Amino acid sequence: DSEESTLDKSVLAAEMSAGLMTVLGLLSFVSAVGLAFTVHPPGEQELCQSDTLGLQNETEGRQKLDLAACHGLYTGVFSIL
């Protein structure tokens, strides 16, 4: 009886975990779909500028590096929308 009780508890825990993962997955999916229709990102040319990013006082090399990172992040993040 003790072995059967332990088995029942582990099966219950596994089923509850699977249910929770399903709910969290659905919530994530619904959130992503909602964001895709409500978020309108700024244009890459307006966003990835030295003055917009506050890079005026940085060295030219640092500005180039940060602007390249901005363009890369913009492409990676907003291309999915």
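User: Which residue does Arg62 form a salt bridge with, and how far apart are the closest N and O atoms?
Analyst: Arg62 pairs with Asp66, and the closest N and O atoms are 2.9 Å apart. A salt bridge here is a side-chain nitrogen of Lys or Arg within 4 Å of a carboxyl oxygen of Asp or Glu. Keep in mind that this is a predicted model: local features need pLDDT of at least 70, side-chain atom pairs count only at pLDDT 80 or more, and totals for chains, interfaces and linings use all residues. Residues are numbered from 1 along each chain as its sequence is written, and side-chain values use heavy atoms, with hydrogens and water left out.

User: Where do Glu60 and Lys64 lie?
Analyst: Both sit in helix α4, residues 60-78, four residues apart, or about one turn of the helix. Arg62 and Asp66 are also in helix α4, again four residues apart and about one turn. Helices are DSSP runs (H or I, at least four residues), numbered from the N terminus.

User: Is Glu60 buried or exposed?
Analyst: Exposed, and Lys64 is too. The cut-offs for relative accessible area are under 20% for buried and over 50% for exposed, with partly exposed in between (1.4 Å probe, protein chains only).

User: And why does Arg62 count as partly exposed?
Analyst: Because its relative accessible area is 42%.

User: What about Gln63, buried or exposed?
Analyst: Gln63 counts as buried, because its relative accessibility is 18%. Gln63 is in helix α4 as well. Leaving aside neighbours within four places in sequence, Gln63 is in contact (heavy atoms within 4.5 Å) with Ser50, Leu55, Gln56 and Glu58.

User: Switching to Cys70: which residues is it in contact with?
Analyst: With neighbours within four places in sequence set aside, Cys70 touches Leu47, Cys48 and Leu53. Cys70 belongs to helix α4 and is buried, with a relative accessible area of 11%.

User: Last one: which residues make the nonpolar surface patch?
Analyst: Leu20, Met21, Leu24 and Leu27, giving about 420 Å². Patches use residues with over 30% relative accessible area and no salt bridge, joining like charges within 9 Å and nonpolar side chains (Val, Leu, Ile, Met, Phe, Trp, Tyr) within 5 Å. Leu24 lies in helix α1, residues 2-38, and counts as partly exposed at 43% relative accessibility.

Notes:
Helices (H or I, at least four residues) and strands (E, at least two) are DSSP runs, numbered from the N terminus. Accessible areas come from the Shrake-Rupley method with a 1.4 Å probe; for residues, only the protein chains shown count as cover.
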